[in-house]
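This report describes a pocket, a nonpolar core and an aromatic pair. The structure is shown first.

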Amino acid sequence: MALEKTLPWVLLATLLAACPAGGRKPTVNPLNLTLTDYEPARGASALIASPDGAFLAAELIFSGETLPAVIKVIDRPNAKVVAHARGSLLAGPDERGEVLYLDAADRAAPRLRSTARAELAAPLPAATADFARWSGFRLGATRQHLVLLREEPSGVTLTALQLPDGGELATRTVPSSELTLLASAVSPDEDTVYLSGKTPGGPAAGAIVALDGNTLRERWRAPWPAGHNFDDSPALAVTGDGTLVAAYARSGLFVVDARRGTGGAVVAFDGLDATALVGVPGKSALVALRTFARGVEPPAYTLEAIELPSGKITKLRPQSGPVNPAALVVVGTSVLVAPGAPPRQPGDPSTWGPEVSGFVEP
């Protein structure tokens, strides 16, 4: 009898504890993700995390400035800038916080440099055109390899380098007549590089291509499905468990098996542009940063978690802005975004503010 009298009060207490004050329903997040505007990276146009999440590399490109970008290495738990440089962010940081970047002060003799080792100055192949965009990925179980991508109007050249000295292991050029690169990604186990781009055959023709990270040989090629224009939103990512790779179009995600390139399912969406896709560590899921309102200045974005292959969407933030569309990382269950619009070039370093806090011109 005592239990019968007590039970209703126990149930009521349980319900009250489960519901927030004001009668609002609790937010259910099946991936247990939390979203944070990471202030130390304010204004960054790119954000990369170390494998253990202890360090972040932030790249800040000042509009109207002719000098190279500012690179900050941030001790994430302590929110402290521990190193900095001028150049183009290529890869990193590793578990020690080392970031590799491009020093192209001499366009005819670009060099691979490190924020942690001043002696590293490995020569890199010079660009053949006036415009070249560089990027890269660390590869291997001990991250002992680096794959560089140099994009030019004539195509993209991939170079595999041995670390720590930067010796060349392999090179491969993919001409634009074969593939016009739109996006690239690397597998979580860091042995495969993925490319997504347009191919001959019409305005909507394209493919995802998988390359061996050591030899740069092609492993498989999966053509984009007909009727979906992936040129609208060039975003590509691998799920955090390494099982699926996905390219984004306004009409949905093109999802294939990451090892074999098979499957080719299209997960439908609502037509927003995806400017960034990143994998959720250990999960068959992605986080997408998508344009919320086109033609609005500053643009607004929606952040969503996408579970695959079901396509279930959990909104992490319905509307956000301004943020930088490529500056997004997932560390454990924390989604970190760099808040703030890209900073303008300040004439006086004393006015640089939090965007470049801790940076001193070398």
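## The second largest pocket

The lining of the second largest pocket comprises 5 nonpolar, 3 polar and 3 charged residues (Ala, Val, Leu, Ile, Met, Phe, Trp, Tyr, Cys and Pro count as nonpolar, Asp, Glu, Lys and Arg as charged, and the others, Gly among them, as polar). Among the lining residues are Phe131, Arg133, Glu151, Glu152 and Pro153. Strands β11 (145–152), β12 (155–162) and β14 each give two or more residues to this lining.

## Basis of the model

This is a predicted model, in which local features need pLDDT of at least 70 and side-chain atom pairs count only at pLDDT 80 or more, while totals for chains, interfaces and linings use all residues. Residues are numbered from 1 along each chain as its sequence is written, and side-chain values use heavy atoms, with hydrogens and water left out.

## The aromatic pair

Tyr194 and Trp220 are both buried (under 20% relative accessible area, with a 1.4 Å probe and protein chains only). They form a tilted aromatic pair, 6.0 Å centre to centre with 45 degrees between the planes (ring centres within 6.5 Å, using the six-membered ring of Trp; planes under 30 degrees apart count as stacked, over 60 as edge-to-face and the rest as tilted). Tyr194 lies in strand β15 (residues 192–198) and Trp220 in strand β17, so the pair ties together parts that are 26 residues apart in sequence (strands are DSSP runs of E, at least two residues, numbered from the N terminus).

Conventions
Helix = DSSP H or I, 4+ residues; strand = E, 2+ residues; numbered from the N terminus. Buried < 20%, exposed > 50% of the residue type's maximum accessible area, 1.4 Å probe, protein only. 1 Å grid on protein atoms, 1.4 Å probe; cavity = no way out; pocket = protein on both sides within 12 Å on 5 of 7 lines; lining within 4 Å.
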